[in-house]
Amino acid sequence: MTHGNTSYYDYGPPDVCPHALILPIFDERSWPIWFRVTAYLLTMLYFFLGVAIITEVFMSAIHVITSKKRKIYLSKTERGKKNGSYNSVGGVVAGLREDEPEVVEVHLWNETVANLTLMALGTSAPEILLSIVETVGHNFEAGNLGPGTIVGSAAFNLLIITSVCMVALNVNEVRKIARFKVFVVTALFSFLAYIWLLIILKVITPDVVDLWEATVTFIFFPILTFFAYSADKGWCGIDVLRQNRNKRQLELGPLKGEESEKMTVEKNFFKEGKLDRDNLARFVKEVKKFPGLTDEDAAVLAASKLINAQPHSAMWYRIGTIRNLSGGRRMEPALDARLRQVYETMNDQKSPLSELASPVDPESNAIIEFHAATVAVKENTGKFSITVWRHGNLERQARVRVKSIDGTARRGEDYIAINEILTFEEHQKEKQVIVEIVNDNKWEANEEFFLRLSLLDSGNNVKLGRISIMEVTILDDDNPGIISFEKRGLLVKESAGSVCIPLKRSRGADGDVTVQWKTIDKSAISGRDYKGGSGEIKFKHAEVHRILEIPIINDFDPEKDECFEIELFNPTGGARIGNINRVAITIANDDDFNSVMDRLMVLTNANIDAIKVHTNTWCQQIKQAMLVNGGDVKNATNCDYVLHFFSFFWKVLFSLVPPPGIFGGWLCFFCSLICIGFMTAIIGDLATIFGCLIGLHDTITAITFVALGTSLPDTLASRMVTRGELYADGALIHITGSIAVNVLMGVGLPWFVAACYHELQGTVFNVPSGSLGFSVLMYSVAAVIAVVLIIVRRNLAVFGKAEIGGPTATRWFTVVVLVILWILYITFTWLQTYGVIEANF
């Protein structure tokens with residue numbers, strides 16, 4: 001039994017803290033206070049990790065539920081419309097006859113409704129259920145921990161998470177809210193909900209909540225959803241809030257004019273949300289311009305493009321954040337250093353890939369690239385030169401930037417960093433870049449770093465060539481090397497235009513060497529099927545990789561596969577010819593080439609399936625939970641192993657929850673919701689006893705430890721969504737929407753249940769305002785200042801005319817203001833709770 005601030009047992013002295021709902025399980029009266037404090041703190045942190053992991057399972061179920069689609073048929077006349085939902089589908093699907101209806105798939109759930117209902121419930125479930133469990137567990141009497149956590153989380157989310165998003169972007173980079181009317185509605189309701197709490201606690205019925213007041217509080221939630229949906233649909237609004245263009249998002253997808261550059265570049269790989277064969281072929285052709293990449297590499301890059309081409313919700317990023325924190329399965333394919341550089345280089349291209357695939361006109365453009373894709377040097381080489389050459393139009397000045405990027409070799413430790421601008425004067429063909437290797441006199445395995453070319457002005461008729469990334473390998477070998485082909489055979493489509501044959505120089509890279517080559521006709525004839533001949537390939541000092549390009553002639557006649565060979569001979573400079581001195585080139589017809597594309601399609605889809613948000617079977621779910629990085633051990637880091645170790649128990653335990661792929665996600669939804677309720681009940685007990693042991697009031701414990709613990713995943717996820725998406729909607733609308741849902745559901749629902757109980761019992765539901773009322777007032781003042789500042793940022797050029805980001809000085813000014821508001825909120829609530837200041841709230 002409990003009494004006051006102490007807990008009495010049937011024998012022995014009383015405990016210093018009262019019994020909570022479940023804890024303590026053991027008799028802890030003889031334990032030292034410092035040990036109990038440490039044990040409760042560590043256990044509470046561990047349970048924060050556990051509730052984050054089960055929340056990730058919960059949100060995976062929500063993702064499955066809200067991702068359901070239906071088919072829409074668009075007639076010929078509908079496809080011609082320029083505005084509204086018809087324009088948003090992106091035009092006629094390739095392969096349809098002009099009189100055929102187009103079939104598109106659209107989401108059943110409206111984005112705004114999904115964000116404010118299931119998605120907000122997913123991210124706010126711990127706070128909401130903590131409030132519900134506390135009220136029900138204390139015989140339907142009001143507590144301080146649940147409401148305090150909700151108010152504390154609201155302050156942390158609006159002030160601190162917004163600050164984190166503000167500094168997440170690069171200098172002068174901005175994110176603007178696209179659905180501004182929806183933001184206004186959610187921000188207004190997030191403020192009015194707390195004002196309503198003050199009114200019912202201090203004005204209408206002080207320190208008492210009647211049934212009708214609790215009912216109105218709860219009903220505000222569907223009202224919020226309706227108004228936000230209306231704003232999204234354009235059914236209501238004020239002219240001053242009207243956006244400059246049509247609605248950003250309709251049920252059929254984003255308007256064409258408002259797609260991000262990323263989506264513009266990558267959207268061609270989608271056909272009804274699936275991988276398209278023809279566009280994959282063009283993508284692979286573009287990838288093959290980077291020497292040394294295999295089909296498996298191309299499939300991984302294609303999967304990354306497919307994942308990143310789609311706009312993602314804040315929930316998607318939150319799921320990814322929790323998996324990163326627990327050493328779980330990644331949400332994106334893992335790219336090594338080489339593939340990462342290729343991927344970033346392709347993303348730097350601003351035009352669609354359909355344009356990238358077309359050859360650059362050498363008559364009007366200067367083409368700048370490295371002389372070779374790979375060089376290898378000894379660690380004791382010191383300084384050596386890299387050749388960057390220009391071809392095509394040489395009539396004007398051209399400039400590019402060359403920059404070094406770490407691989408396994410690190411700047412300062414293994415080489416001297418490079419970041420310089422090369423200027424080609426008129427008719428100048430070559431420039432040298434001096435690279436310096438650091439010799440640390442220690443034995444090390446071969447290491448590599450990268451040199452990357454980038455354009456300074458894309459509008460000056462200067463283009464990057466195929467070899468815009470160079471790999472520099474640091475090794476311990478000083479022989480001239482062995483020259484050979486990398487493969488014995490290559491397959492090329494007749495319509496490809498050309499075939500690129502890679503040559504490698506192994507077992508040494510010392511000095512300049514050359515090797516001659518010639519084509520040998522087989523069933524393919526030079527001049528009819530390809531442009532053959534002979535020539536010489538030169539490897540400069542340290543170069544270990546070159547490309548030989550042979551044009552292919554497309555005669556557009558159906559014919560069998562044809563082949564020719566290329567032979568290497570007569571090396572110079574002390575080099576030798578390797579075992580693979582001949583390569584067979586097969587010119588395939590479409591059917592044979594399609595079999596290769598089938599394999600690439602399978603590889604790409606396998607990479608996509610490996611990173612799906614949800615699982616379909618228990619076996620798959622348990623296996624991923626037990627293995628680090630979801631089974632992708634090859635790409636797991638040391639940090640992943642540490643995080644996996646600490647979260648292993650929770651991941652295996654919650655892998656027993658029904659997978660989201662069963663019964664459309666609903667079974668997983670309810671089972672994980674029950675688990676979250678149980679976890680939050682224990683967290684509430686841990687926080688209460690921990691606060692009691694160190695002398696903290698429940699309100700202070702709630703707005704500090706508990707609020708921060710439940711909000712940490714949202715903090716990291718909001719940073720990711722800010723960096724990953726074009727607009728600020730995923731961060732700011734999610735923050736304001738979650739705040740409103742938190743108070744309306746997390747306070748409204750338990751108050752409604754408790755008020756009904758007391759109405760049936762003929763008693764009064766007492767809710768002492770005290771520190772809760774003052775905390776609500778302080779938050780309301782801070783929220784008004786913060787929202788006004790955000791709106792001001794949207795309209796002033798000094799802030800970059802955007803809610804997030806902008807110039808360095810003004811973005812840090814915003815961060816300082818928001819952080820000071822949060823510190824003042826915590827400080828004044830603390831002082832009022834402990835009676836240092838008197839306030840009638």
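Which residue in E25 does aspartate 521 stand opposite? I found phenylalanine 564 across from aspartate 521.

I am working on a predicted model, where local features need pLDDT of at least 70, side-chain atom pairs count only at pLDDT 80 or more, and totals for chains, interfaces and linings use all residues. Residues are numbered from 1 along each chain as its sequence is written, and side-chain values use heavy atoms, with hydrogens and water left out.

**Strands.** I took strands (E, at least two residues) and helices (H or I, at least four) as DSSP runs, numbered from the N terminus. Two strands pair if DSSP finds at least two bridges between them. E22 (residues 513-521) pairs with E25 (residues 562-569) in the antiparallel sense, over six bridges. E22 also pairs with E23 (residues 534-539), antiparallel, over six bridges. There, valine 513 stands opposite phenylalanine 539.

**Cavities.** On a 1 Å grid over the protein atoms alone, a cavity is a set of points where a 1.4 Å probe fits but cannot get out; lining residues have an atom within 4 Å of a point. Grid points are joined across faces, edges and corners, and a volume is the space filled by probe spheres set on the points. I noted nine cavities of 30 Å³ or more.

Conventions. 1 Å grid on protein atoms, 1.4 Å probe; cavity = no way out; pocket = protein on both sides within 12 Å on 5 of 7 lines; lining within 4 Å.
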